[in-house]
Amino acid sequence: MTTLEPRTLEPEATAAEAPVVAGNDRMRVDAPAKVTGTAPYAYEQPVEDPAHLFPIVSTIARGRITDIDDAAARELPGVRLVLTHANAPRIRVHTDAALVILQSSEVHHRGEIAGAVVADSPQVAREAAGLVRVTYDEQPAELGFAIDDPRATEPRRVNAFKHGSYERGDADACLARGTLVEADYSLPMEFHSPIEPHAVTAIWHDASALDPRATRLTLYDTNQGTGGHALLLAPALGLLPGQLEVVSPYVGGSFGTKGWPHPHLVLVAMAAKLLGGRPVKYAMTRQQMFRTVGHRPASKQRIRLSVEADGRLLALDHQSWAPTARLKSYVDQTVSATRMMYDVADLRTVHHAVVQDAAPGSFMRAPGEFTGMFALETALDEAAHAVGVDPIELRLRNEPGKDPENGKPWSTRNLVACLREGAEQFGWSQRRPVGTQRDGEWLVGLGVAAATYPNQYFVPSRAGIRFTDGRYTVELQAGDIGTGAWTILPQIAADALDVPVDLVDAEIGRTGLPWAIPAGGSVGTFTWGDAIVAAAAKFRRKHGEAPPEGAHETAAGRMPRGSRGYSRHAFGAHFVQARVSTVTGEVRVDRMLGVFAAGRIINPRTARSQLIGGMTMGLSAALHEEAHLDERFGHVVNGDLAGYHVAAHADVGDLEAICLEEHDPWFGATGAKGIGELGVVGVPAAIGNALFNASGVRLRDLPFTPDRLFAAWG
Ligand code: MOS
């Protein structure tokens, strides 16, 4: 890690606690359990005599179920239950429209849960589900969307961050005098595709108790935050929050799909309730992972850009069109990063959404920023080429001194340092004019793009510190989705308690522990860390340096006072060397460097893993990932890992990430920002820009496949 002289900012009122100085390399503490197969994942939780569930799903996109014939299924030996809307428990409290399953005969999208079979073995459950005959009254479905779609409306909400349209200055007037770039960009529907599918084991305790308050449910699930899941699921299941225990200690990847409860959890809980106490297990097939657990919605965007001859941006219009489900609205904040990235006076950004009879989309790693920054960072490269200014220089000329959207000062913004450091380390000065570097059949080029991700301190978390047998335990609901929370939370606690890290254990991943925000939106480390520092301070205040056996304190973190006065984002820059075969049209990425400024890095090892993981995911999106929704029938045609290729080792060349360390006091006591999503943002643009430098072909539609290359080549 190189060290950047941090820009010091004195918080108006600092927390009493000293800043945490964790920053040392530490091996993953959960690695031995995982590689030896002893870490219990949701499906593997040992329970007595479980039954197994397999869902029945709709085969039409819109309409009504008129009949379900389950006679053949019921006759199969080992079948214990056929669950449909005819016998499902009633859902009285609606927390999320997609969780309200089996309450009517209506069908909202193809692949929607229409029921389930529960049997003594997973094989029998699956065979029996295939024997259930469902008859429909089918209605015409709306599927497909386009730029300038006449059915489009402006959504009221775009995911969690920013809203609707935004305008400053007068983009129309300025663009009317002439545009330099006017282009459309598109990204396909993508799926999170974690290696561990969704899986759950459900057990009702005292399911048949006369007093409904005597009953309890345990869900061994795989998710990003147990508390958030309990909050949304308990009401749907007729439970008070204290009656639902959610356990999720180990998670085999998520990328957003496990950040929000999906309908199968209600299905499994219903089935287990009707079985009266026998545990029920369900693990999704890979094909089912392409149906009811969210996806990154497809995107079509239009950018119009007016630029001075010296590369300064004059006006920018960035509009986004996206599908949203009739059942439940979800729209990415696709154009939000465009509002704050560069110093452009006349700007308009608009989100448009088109209602579809398809499964709801959901947040997927850097939802919106990933999508919008592909278009923006490609358009900037187009502008740089058109005016003959180096693309790094063009970005430097448009660097805003404060956030142009709201006029707030940056908490820290070191995009310029990332660009400069990366240029130096990557050998940017070796970049040649477009189409002039050949290596046999290959054309080779370099490209760059910026990365950013907003860091929101949404709400404080709570954490506990416990002292037993001479050791400390840090406890909170935090989830580790493969990111390193098991490893770094003890580092933060050890620092705050001023003890060696080997004396600190973690307990995370279940309700019953102090409430903490889920591992999403790249907010985990700094929000949880802030709570841990507060709990450690309270612990020391109450119990001193020699605490009594069993000493235990909990405390909430606190957003630094005055932090709302600052614009808080992490930044980075991606550098890519790519090559394209003039024979096959294949694109390969030889080497890629990401330089990031994301606050205090708590553990360089797990941080690097997050960042190169994000970069790999960006490469995968740039070159491979593309789900095809059949607009006649509403299903994903290539919904498995044979048809939907996720980058494997052979697809990835030399990859490195470095951090310019900042200490940002406006994110709480650790000075850390978020790194989970930053690494993926901008990667496809950097690859596309390298491809243009190599070949002179500008591709604006992901992924960059040979057919698209040859079509553009003419
Ligand atoms: Mo996420 S896409 O941070 O759950």
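Helices (H or I, at least four residues) and strands (E, at least two) are DSSP runs, numbered from the N terminus. The structure described here is a predicted model, in which local features need pLDDT of at least 70, side-chain atom pairs count only at pLDDT 80 or more, and totals for chains, interfaces and linings use all residues. Residues are numbered from 1 along each chain as its sequence is written, and side-chain values use heavy atoms, with hydrogens and water left out.

**The chain as a whole**

The protein chain contains 15 helices and 24 strands. Its C-alpha atoms fill a box of roughly 75 × 70 × 50 Å along the principal axes. The radius of gyration is taken over C-alpha atoms, and the globule rule is 2.2 Å times the number of residues to the power 0.38. For 714 residues, a compact globule would have a value near 27 Å, and the 26 Å of the protein chain agrees with this.

A residue is called buried under 20% relative accessible area, exposed over 50%, and partly exposed in between (1.4 Å probe, protein chains only). By this criterion, 61% of the 714 residues count as buried. Accessible areas come from the Shrake-Rupley method with a 1.4 Å probe, and for residues only the protein chains shown count as cover. The accessible surface of the protein chain comes to about 26300 Å², and 50% of this belongs to carbon and sulfur atoms.

A contact means heavy atoms within 4.5 Å. Among contacts between residues at least 6 apart in sequence, 82% join residues at least 24 apart.

**Helix α13 and Met617**

Met617 is found in helix α13 (residues 604–623). With a relative accessibility of 11%, Met617 counts as buried. When residues up to four places away in sequence are not counted, Met617 touches His192, Phe255, Met364, Arg365, Glu625 and Val680. Thr215, by contrast, lies 402 residues from Met617 in sequence and 43 Å from it in space, C-alpha to C-alpha.

Two strands pair if DSSP finds at least two bridges between them. An open sheet of 5 strands has the order β16-β17-β22-β23-β24, with mixed pairing. Strands β16 (438–439) and β24 (654–659) stand at the edges with a single partner strand each, so one side of each is left without a neighbour in the sheet.

Within this sheet, strand β22 (residues 569–581) has 13 of its 13 residues buried, so it is largely enclosed by the rest of the structure. Residues pointing one way from β22 include His569, Phe571 and Ala573, while those pointing the other way include Ala570, Gly572 and His574. Ala573 of β22 is the bridge partner of Ala450, and Val595 in β23 is the bridge partner of Ala573. Strands β22 and β23 form a hairpin with 5 residues between them, and Gly585 in the turn has a positive phi of about 80°.

| Strands | Sense | Bridges |
|---|---|---|
| β17 (442–454) and β22 | antiparallel | 13 bridges |
| β22 and β23 (587–597) | antiparallel | 10 bridges |
| β23 and β24 | parallel | 6 bridges |
| β18 (462–468) and β21 (552–556) | antiparallel | 5 bridges |
| β18 and β19 (471–475) | antiparallel | 5 bridges |

Strands β18 and β19 form a hairpin with 2 residues between them, and Asp469 in the turn has a positive phi of about 50°.

**Backbone details in the loops**

Most residues other than glycine have a negative phi, and most peptide bonds are trans. Asp49 has a positive phi of about 50° although it is not a glycine; Asp49 is placed in the loop between α1 (31–35) and β1 (51–57). Ser522, which is not a glycine either, has a positive phi of about 55°. Ser522 is located in the loop between β20 (504–507) and α12 (524–543), and its relative accessible area of 12% makes it buried. The peptide bond from Leu702 to Pro703 is cis, with omega near -10°. Pro703 belongs to the loop between α14 (683–695) and α15 (706–713).
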